[in-house]
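The following exercises ask the reader to study one structure step by step.

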Amino acid sequence: MDDIIIAGGGIGGLTTALSLHHAGFPVRVFESVDRIQALGVGINLLPHAVRELDALGLAGDLAANGITPSTLAYFTKRGQPIWDEPRGLAAGYRWPQISIHRGLLHTILHSAAEAQIGADRIHTGCHLDRFVETADGIEATFIDRRSGAVSAMAKGSMMVACDGIHSVARRHFYPNEGMPMWNGSLLWRGLADGPPVFDGRTMLWAGHPRQKFVLYPVLDVPGGLQQLNFIAELRTDATELAEREDWNRPGDLDDFLPQFEGWVFPWLDVPALIASAPGTFLFPMVDRDPVERWSFGRTTLLGDAAHPMYPIGSNGASQAILDARTLTGCLLCHGDDIEQALQRYDEARRPATSSIVLANRGLGPELPMQLVEQRAPDGFERLSDVITPDEILDVTDGYRKMAGFSLQQLHDRPSLAEMQY
Ligand SMILES: Cc1cc2nc3c(=O)[nH]c(=O)nc-3n(C[C@H](O)[C@H](O)[C@H](O)COP(=O)(O)OP(=O)(O)OC[C@H]3O[C@@H](n4cnc5c(N)ncnc54)[C@H](O)[C@@H]3O)c2cc1C
């Protein structure tokens with residue numbers, strides 16, 4: 001088979017490259033930026049995604065460079081406990097959940113790709129500009145983003161577009177889609193060193209959908225401290241974005257810290273933690289409507305290019321990794337008929353991820369926090385007067401099943417790259 005062109009060297013693109021290379025397919029990655037850098041803040045990998053990275057020999061390195069959380073706990077805006085549940089290994093999964101700095105995850109994938117596939121097959125400064133399908137393949141043109149000059153022309157047997165939420169390939173197939181959609185929520189994301197909260201392995205969500213604080217450790221650091229990833233979220237009534245979203249846009253404390261002033265709990269001083277961070281990044285809660293097709297002939301979409309979703313429920317990176325492994329499985333089953341392989345991939349992944357996009361719009365696993373806020377905005381004496389464990393379990397179990405990481409589902413099937421499609 002001729003080279004498979006992978007447009008975009010983010011989490012999805014590099015995982016796809018590694019997975020296809022492991023399966024014996026020749027790949028080339030074309031990334032828009034000039035230099036792959038360790039950007040972002042914290043990100044979570046759910047057990048089903050870690051399983052797939054384990055199959056690529058990366059899970060040990062990732063776990064050593066992150067934290068494997070054992071609990072997810074919900075609290076009210078006053079710090080009253082609502083719910084906690086075991087996660088990862090503590091919940092009986094054979095694979096852990098991993099919380100890690102996105103930059104470290106990206107660096108680990110990039111180093112593995114350079115070592116295993118070869119640095120000469122990972123081209124930076126190559127922004128996908130246009131592509132055409134020929135009788136037996138794809139011809140793609142890449143440009144230098146700043147000068148607009150052509151930086152590479154590639155011929156391949158097929159193309160996987162992993163070029164993120166502003167995907168050029170997606171725009172080619174859906175030219176009228178326009179900007180991502182915003183639900184009015186703003187997220188200030190940051191990292192601060194601090195003492196472990198609870199057992200140092202707990203991911204916690206406090207508040208409700210209009211005002212929320214999320215905290216999870218991503219690294220143990222010297223002196224018994226941890227690098228703590230936080231997200232402070234405020235919902236506004238606006239829905240028109242003033243400017244295009246950007247993962248690297250700096251945030252301003254004055255815009256959100258005052259609203260969290262009173263969030264001083266016996267177990268965490270939220271405003272002090274936020275104020276101790278060297279800086280924050282401001283990101284709006286954006287996604288796109290699910291589309292009815294990802295695969296067109298010899299081109300397909302993957303990761304955020306295919307299913308941009310709200311960063312709720314730890315699914316952004318995890319679902320891109322599942323896409324990569326499913327695509328590998330489809331090509332292993334139907335490698336002699338690329339179009340059929342890409343159709344099978346589309347059928348296997350698109351409905352599953354469309355459900356997550358829509359569930360995340362409907363609050364996803366955060367619904368219990370909303371119910372408690374509605375029913376007891378001023379707090380409660382006994383939680384059982386407000387919500388029952390069964391009500392909460394219905395939501396959290398349902399979300400796990402829908403996102404494909406219910407324990408039984410995961411343990412009963414082989415790795416996605418080894419399934420029959
Ligand atoms: C700089 C950055 C920081 C992020 N930080 C966080 C974070 O802190 N927490 C979090 O949960 N998620 C973060 N994300 C998003 C997260 O990585 C994705 O939602 C998820 O991992 C899915 O991965 P993806 O590969 O589909 O998309 P991405 O990880 O966004 O990767 C897309 C890649 O494609 C490249 N690209 C874009 N256009 C083109 C083009 N035309 N041609 C070639 N290449 C192109 C981009 O430079 C990028 O490397 C960040 C994304 C980026 C790009």
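**Exercise 1.** Determine which side chain is joined to that of H307 by a polar contact, and state whether H307 is buried or exposed.

*Solution.* Step 1. The side chains of H307 and D323 are joined by a polar contact of 2.6 Å. A polar contact is a pair of N or O atoms within 3.5 Å; within protein, one must be able to donate a hydrogen and the other to accept it, and residues adjacent in sequence count only if both atoms are side-chain atoms. The model is predicted, so local features need pLDDT of at least 70 and side-chain atom pairs count only at pLDDT 80 or more, whereas totals for chains, interfaces and linings use all residues. Residues are numbered from 1 along each chain as its sequence is written, and side-chain values use heavy atoms, with hydrogens and water left out.

Step 1. H307 is located in the loop between strand 19 and helix 7. Helices (H or I, at least four residues) and strands (E, at least two) are DSSP runs, numbered from the N terminus.

Step 2. H307 counts as buried because its relative accessibility is 4%. Buried means under 20% relative accessible area, exposed over 50%, and partly exposed in between (1.4 Å probe, protein chains only).

Step 3. Residues up to four places away in sequence are not counted here; H307 then touches R170, W294, Q319, A320, D323, T353 and V357. Contact means heavy atoms within 4.5 Å.

**Exercise 2.** Describe the place and the surroundings of I312.

*Solution.* Step 1. I312 is found in the loop between strand 19 (299-301) and helix 7 (316-334).

Step 1. With a relative accessible area of 5%, I312 is buried.

Step 2. When residues up to four places away in sequence are not counted, I312 touches M285, N360, L363, P365, E366 and Y399.

Step 3. From C-alpha to C-alpha, I312 and V357 are 9.6 Å apart in space, while 45 residues separate them in sequence.

**Exercise 3.** State which element holds H334, and which residues H334 is in contact with.

*Solution.* Step 1. H334 belongs to helix 7.

Step 1. Its relative accessibility is 11%, and therefore H334 counts as buried.

Step 2. Apart from neighbours within four places in sequence, H334 is in contact with Q340, A341, R344 and Y421.

**Exercise 4.** How many cavities of 30 Å³ or more does a search of the whole structure find, and which residues are closest to the centre of the largest cavity?

*Solution.* Step 1. Rolling a probe the size of a water molecule over the atoms shows where empty space is left. On a 1 Å grid over the protein atoms alone, a cavity is a set of points where a 1.4 Å probe fits but cannot get out, and a pocket is an open set with protein on both sides within 12 Å along at least five of seven lines; lining residues have an atom within 4 Å of a point. Grid points are joined across faces, edges and corners, and a volume is the space filled by probe spheres set on the points.

Step 1. The search finds 3 cavities of 30 Å³ or more. The largest cavity has a volume of about 90 Å³. Among its 13 lining residues, L72, R87, P365, Y399 and F405 are the closest to the centre.

Step 2. Two or more lining residues come from each of strand 4 (71-75), strand 13 (202-208) and helix 10 (389-402). Helix 10 gives the most, with 3 residues.

Step 3. By class, this lining has 7 nonpolar, 3 polar and 3 charged residues. Ala, Val, Leu, Ile, Met, Phe, Trp, Tyr, Cys and Pro count as nonpolar, Asp, Glu, Lys and Arg as charged, and the others, Gly among them, as polar.

**Exercise 5.** Describe the second largest pocket by its volume and its lining.

*Solution.* Step 1. The volume of the second largest pocket is about 230 Å³. Of its 17 lining residues, L322, R349, G404, R413 and L416 are the closest to the centre.

Step 1. Helix 7, helix 8 (338-361) and helix 10 each supply at least two residues of this lining. The largest share, 4 residues, comes from helix 8.

Step 2. By class, the lining of the second largest pocket has 9 nonpolar, 5 polar and 3 charged residues.
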